Number of protein chains: 2
Amino acid sequence: MKLTILGCYSATPRTMGNTTSQVLEIKNHMFLIDCGEGTQVQLRRHKVKFNRIKHIFISHLHGDHFYGLVGLISTFRLLTREADLHIYGPKGIKEVVTLQLKLADSWTNYKLFFHELTSEKSELVFEDDTVEVYTIPLEHRVYTNGYLFKEKTGDRKLNIDAIQEAKINIAYYQKLKQGFDVENEEGILIDNEKVTFPPKKSKSYAFCSDTVYKEDIVPLIRNVDVLYHESTFLEAHAHLAPKTKHSTAKEAASIAKKAEAGTLILGHYSSRYPDLEMFREEAKSNFENVELAQDGKLFNFN
Amino acid sequence: MKLTILGCYSATPRTMGNTTSQVLEIKNHMFLIDCGEGTQVQLRRHKVKFNRIKHIFISHLHGDHFYGLVGLISTFRLLTREADLHIYGPKGIKEVVTLQLKLADSWTNYKLFFHELTSEKSELVFEDDTVEVYTIPLEHRVYTNGYLFKEKTGDRKLNIDAIQEAKINIAYYQKLKQGFDVENEEGILIDNEKVTFPPKKSKSYAFCSDTVYKEDIVPLIRNVDVLYHESTFLEAHAHLAPKTKHSTAKEAASIAKKAEAGTLILGHYSSRYPDLEMFREEAKSNFENVELAQDGKLFNFN
């Protein structure tokens with residue numbers, strides 16, 4: 001599981017700070033999460049292959065999280081993309097994208113699927129053999145969802161030496177991987193755990209931006225390996241957080257602690273702060289394992 | 001009259017090439033012309049004061065000419081702009097901008113005026129004491145206008161020595177500036193041209209992008225001081241120009257020659273060409289005074 005931060009600043013793009021967008025590489029998927037203005041250029045800069053992106057998850061319809069979407073869709077068209085593209089986001093996203101394509105008389109030559117969200121409860125929005133994606137209802141000035149990405153538990157690993165010693169026929173290997181006890185060539189039932197290793201631990205990633213401090217999300221993200229939680233403000237401006245429906249670094253850390261997350265990544269910084277280290281410091285008073293998002297930074301969680 | 005090129009490439013923004021946007025500084029106005037994705041960052045990079053922009057002229061609703069507009073409007077809001085903003089562009093521009101502001105629940109705290117264009121004929125769209133702006137109907141895949149910016153002729157300049165010798169009372173100076181003959185203190189009518197100098201020559205700038213080769217525009221832009229004309233293609237791909245409704249460098253030069261323009265600026269280059277000098281070379285076979293637009297380049301025409 002790899003996460004590339006394309007942009008992690010709030011409000012408006014600047015020469016040295018891009019607005020929210022990330023690429024999560026998980027089980028051969030390349031998920032794009034949010035798409036602020038300039039995301040397509042950041043994708044080029046960090047050499048993300050455009051064609052690998054088949055699913056885009058938009059948290060909410062504030063410009064710093066989605067004004068780069070229609071440009072990316074148009075560029076996919078110009079690059080003669082053929083693969084389907086699925087877009088998940090709040091109701092309204094389909095109308096605003098299709099209106100712009102209509103006005104430009106530039107319909108895509110690939111299939112575009114919109115999955116519009118309206119629920120106030122967590123729901124499964126994507127699933128295949130390897131990954132599940134759930135919404136995380138957040139509380140912001142407009143309807144907003146975070147997203148929880150979960151690898152499914154993989155197969156158990158075969159312990160070949162033990163299997164041979166137990167005299168199990170190769171025809172049963174698939175059953176063993178799936179966790180079943182099987183009979184050996186002498187008709188004796190062999191305990192699966194004696195001849196296999198546990199599957200590789202499945203990873204999970206929760207993206208939570210933008211939101212006011214909201215403890216309701218803790219059960220949804222409990223034990224998540226990596227939590228990205230917005231931290232627009234430091235303590236000096238904590239009074240602005242509830243008013244603007246954003247969080248402080250300390251509040252983000254409090255959520256990470258309560259959820260018993262593995263790692264907390266902070267981001268969505270207000271541009272009023274020149275020194276990001278302060279975010280880490282303030283968060284560390286609540287939670288130890290804190291990382292700072294920075295544009296272009298790659299987190300490798302394997 | 002000063003022109004800053006913020007972006008001059010066609011189709012999609014890249015790490016080293018921005019899509020169309022320019023700032024024309026003329027008679028204390030700061031006109032923004034087209035607004036591709038990333039324009040607000042280019043404005044910051046080239047230190048254009050956001051508050052000086054009060055009028056934005058959009059040629060057409062293809063993404064590389066206007067996907068940066070809604071982000072700029074939103075950023076103006078975040079910067080607590082108070083000045084009115086006037087936007088000129090094809091019909092539909094109001095709907096698409098206001099839909100995005102509505103979805104973001106982020107109405108501007110300054111007044112936003114849309115001047116939607118539908119005419120196939122040139123029309124005066126802006127006028128004040130110093131400047132006039134006319135549309136230049138172009139022919140592209142969607143409804144498109146170029147824009148002609150004309151300084152109005154200023155006052156005549158007083159020749160103080162000649163005025164004193166002619167014994168003209170100071171009360172008549174304003175009349176003299178306006179070009180009238182006036183009586184001197186002895187009641188003799190004095191020929192205006194004998195006591196004044198001609199006004200400073202007024203400048204004009206024509207922006208023509210995107211368009212197929214279209215001779216109809218020549219009478220509209222005759223004798224323009226500076227003509228920006230798109231040149232998407234070189235001769236090697238001239239066959240693509242009519243099909244995509246774009247022009248070649250040679251065709252742009254042909255328009256400049258027929259219109260007897262002072263200077264031709266080429267731009268809107270296809271990204272397939274690594275060497276821009278070829279555009280100048282090919283244009284020069286038709287017209288001598290050719291300049292190449294480049295991102296960040298400042299042209300000073302005083």
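User: At what angle do α10(A) and helix α11 of chain A pack, and how far apart are their axes?

Analyst: A caution before the numbers: this is a predicted model, in which local features need pLDDT of at least 70, side-chain atom pairs count only at pLDDT 80 or more, and totals for chains, interfaces and linings use all residues. Residues are numbered from 1 along each chain as its sequence is written, while chains are lettered from A and ligands numbered from 1 in the order in which they are written. As for the helices, α10(A) and α11(A) (residues 277–284) pack at an angle of about 45°, with their axes 8 Å apart. The axes are lines fitted to C-alpha atoms, for helices over the stretch in contact, and angles run from 0 to 180 degrees between N-to-C directions. Helices (H or I, at least four residues) and strands (E, at least two) are DSSP runs, numbered from the N terminus.

User: So what do you call that arrangement of α10(A) and α11(A), and which hand does the crossing have?

Analyst: The two helices, α10(A) and α11(A), are therefore oblique to each other, given that angles under 35 degrees count as roughly parallel, over 145 as roughly antiparallel, 65 to 115 as roughly perpendicular and the rest as oblique. The crossing of α10(A) past α11(A) is right-handed; a crossing is left-handed if the near helix is turned anticlockwise from the far one by less than a right angle, and right-handed if clockwise.

User: Which residues meet there, in α10(A) and α11(A)?

Analyst: From α10(A) come A249(A), K250(A), A252(A) and A253(A), which meet F279(A), E282(A) and A283(A) of α11(A), where two residues are in contact if their C-beta atoms, placed from the backbone, lie within 7 Å. By class, this contact of α10(A) with α11(A) has five nonpolar, no polar and two charged residues. In that scheme Ala, Val, Leu, Ile, Met, Phe, Trp, Tyr, Cys and Pro count as nonpolar, Asp, Glu, Lys and Arg as charged, and the others, Gly among them, as polar.

User: Switching to the two chains, what rotation superposes chain A on chain B?

Analyst: Chain A is superposed on chain B, with an RMSD of 0.1 Å, by a rotation of 180° with 0.1 Å of shift along its axis. The two copies are thus related as by a two-fold rotation axis.

User: How many residues are in contact between the chains, and which elements of chain A contribute?

Analyst: There are 31 residues of chain A in contact with 31 residues of chain B. On the side of chain A that touches chain B, the elements giving two or more residues are α1 (39–45), α3 (69–78) and α4 (93–103) of chain A. That side of chain A divides into twelve nonpolar, twelve polar and seven charged residues.

User: How do α4(A) and α4 of chain B cross?

Analyst: Their axes come within 10 Å and cross at roughly 170°, which makes α4(A) roughly antiparallel to α4(B). The crossing of α4(A) and α4(B) is left-handed. The contact is made by E95(A), V96(A), L99(A), Q100(A) and L103(A) of α4(A) together with E95(B), V96(B), L99(B), Q100(B) and L103(B) of α4(B), and by class the contact of α4(A) with α4(B) has six nonpolar, two polar and two charged residues.

User: Now the backbone: which peptide bond in chain A is cis, and where is D210(A)?

Analyst: The peptide bond from S209(A) to D210(A) is cis, with omega near -5°, and D210(A) sits in the loop between β14 (204–208) and α8 (218–221) of chain A. In chain B, the bond from S209(B) to D210(B) is likewise cis, with omega near -5°.

User: What about phi of E260(A)?

Analyst: Phi of E260(A) is near 50°, a positive value in a residue other than glycine, and E260(A) lies in the loop between α10 (249–258) and β16 (263–267) of chain A. For context, most residues other than glycine have a negative phi, and most peptide bonds are trans.

Key. Least-squares fit on C-alpha atoms with pLDDT ≥ 70 in both.
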